[in-house]
Amino acid sequence: MEIKMMQVGPIGTNCYVLCDEGRKLCALVDPGGEGRRIADAVQSLGYVPCAVLLTHGHYDHTGGIGEIRSRWGDLPVYLHRADTSSGGAPASLFPPVPGTTPYGEGDTVQVGDLTVRVLETPGHSKGSVSLLCGDALFSGDTLFAGDCGRTDLYGGDMDEMLSSLGRLGRLEGDLLVLPGHEETSTLDAERRRNPWLRRGMAGYP
C-alpha cells in the first residue's frame with residue numbers, strides 16, 4: 001500500500017491517492033479541487049484509478065470530480081446518502097455529484113487487493129464517514145491533528161461529533177490519521193493530546 005497526499009482547492013483540502021502498488025490501481029479520497037492536476041499526478045505515478053471515495057459531500061471535498069471524470073468517465077464515486085440532495089442536503093454546501101454510489105457503515109470497497117472499510121462518523125455532517133484501510137485512517141473532517149471538524153454547518157451536531165471521536169479513539173492500534181485538512185497525525189498522538197478526542201472517549205460509549 002502506498003499513499004500520496006496533495007493539497008487542492010481554495011482551502012487546501014487534503015486529497016489522498018490510495019494505491020495498490022502490485023496491481024497499479026488506486027482510489028482517490030476527497031478530490032476537492034484541481035481535478036486535472038490530480039489526474040495528471042495519478043498518471044505520472046503510473047496508476048489507474050478504480051474509485052473515488054468521499055468522506056462527506058461538502059464542496060471542498062468534491063470539487064475536482066468533474067475534471068477527473070472527464071479523464072476516466074466510468075469511475076464510481078462513493079458517498080453516504082445523507083450527504084446528497086436526496087438526503088435533503090442543500091446544494092450550496094453539498095453540490096450535486098451525479099451518479100454516486102451510496103455506502104455506509106460496514107460496507108467495504110476494494111482497491112485492487114486493498115480493502116477499505118467504511119465507518120459512519122457523523123458530526124461534521126450527517127453523512128460523514130471515516131475510511132479504514134490497513135493501518136491508515138482517512139478521517140475526513142471528523143478528526144484533525146489536535147482538533148476536530150466544525151459542527152455549525154448544515155447537518156452538524158456536537159454530540160454526534162463527540163460520539164464519533166470516541167469511536168475513532170477506541171480503534172485498535174496506532175493508526176496513521178489522514179485528515180481532510182492540515183497535517184497528518186497518529187491515533188496514539190491524538191489520544192494523548194487531542195482534547196476533543198479525549199472528551200469523546202471519556203463521555204461517549
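This report walks through the pocket, cores, strands and a few individual residues of a predicted model.

## Ground rules

Because the model is predicted, local features need pLDDT of at least 70 and side-chain atom pairs count only at pLDDT 80 or more, while totals for chains, interfaces and linings use all residues. Residues are numbered from 1 along each chain as its sequence is written, and side-chain values use heavy atoms, with hydrogens and water left out.

Helices (H or I, at least four residues) and strands (E, at least two) are DSSP runs, numbered from the N terminus.

## The largest pocket

Rolling a probe the size of a water molecule over the atoms shows where empty space is left. Here a pocket is an open set of points on a 1 Å grid over the protein atoms alone, where a 1.4 Å probe fits and protein lies on both sides within 12 Å along at least five of seven lines. The largest one has a volume of about 200 Å³, volume being the space filled by probe spheres set on the points, with grid points joined across faces, edges and corners.

Its lining residues (an atom within 4 Å of a point) are Ile 11, His 58, Tyr 59, Asp 60, Leu 93, His 124, Asp 141, Phe 144, Gly 149, Arg 150, Leu 153 and His 181. Sorted by class, that makes five nonpolar, four polar and three charged residues. In this scheme Ala, Val, Leu, Ile, Met, Phe, Trp, Tyr, Cys and Pro count as nonpolar, Asp, Glu, Lys and Arg as charged, and the others, Gly among them, as polar.

## Two nonpolar cores

A nonpolar core is a set of buried Ala, Val, Leu, Ile, Met, Phe, Trp, Tyr and Cys residues joined through side-chain atoms within 4.5 Å. Buried means under 20% relative accessible area, exposed over 50%, and partly exposed in between (1.4 Å probe, protein chains only).

The largest core has 20 residues, and Cys 26, Leu 28, Ile 38, Val 42 and Val 52 have the most contacts inside it. Two or more residues each come from strand 1 (2-8), strand 2 (13-20), strand 3 (25-29), helix 1 (35-45), helix 3 (65-71) and strand 5 (77-79). A second, separate core of 19 residues includes Leu 18, Ala 27, Val 111 and Val 116.

Back to Ile 38: not counting residues up to four places away in sequence, Ile 38 touches Met 6, Val 8, Cys 15, Leu 28, Pro 31, Gly 33 and Ile 68. Contact means heavy atoms within 4.5 Å.

Strand 7 pairs antiparallel with strand 8 (residues 114-120) over four bridges, with Thr 108 bridged to Arg 117. The two form a hairpin with two residues between them, and Gly 112 in the turn has a positive phi of about 60°.

Asp 135 lies in the loop between strand 9 (129-133) and strand 10, and is partly exposed at 49% relative accessible area. Leaving aside neighbours within four places in sequence, Asp 135 contacts Met 1, Leu 175 and Leu 176. Its C-alpha is 7.8 Å from that of Gly 173, 38 residues apart along the chain.

Gly 169 belongs to helix 4 (residues 158-169) and is buried, at 3%. With neighbours within four places in sequence set aside, Gly 169 is in contact with Leu 187, Arg 191, Leu 197 and Met 201.

Strand 1 and strand 2 run antiparallel and are joined by seven bridges, one pairing Lys 4 with Val 17. Their hairpin has four residues between the strands, and Gly 9 takes a positive phi near 80°.

Positive phi turns up in non-glycine residues too: Lys 24 is near 60° and Asp 30 near 55°. Lys 24 lies in the loop between strand 2 and strand 3 and is partly exposed, at 39%. Asp 30, in the loop between strand 3 and helix 1, is buried at 2%.

Key:
Two strands pair if DSSP finds at least two bridges between them.
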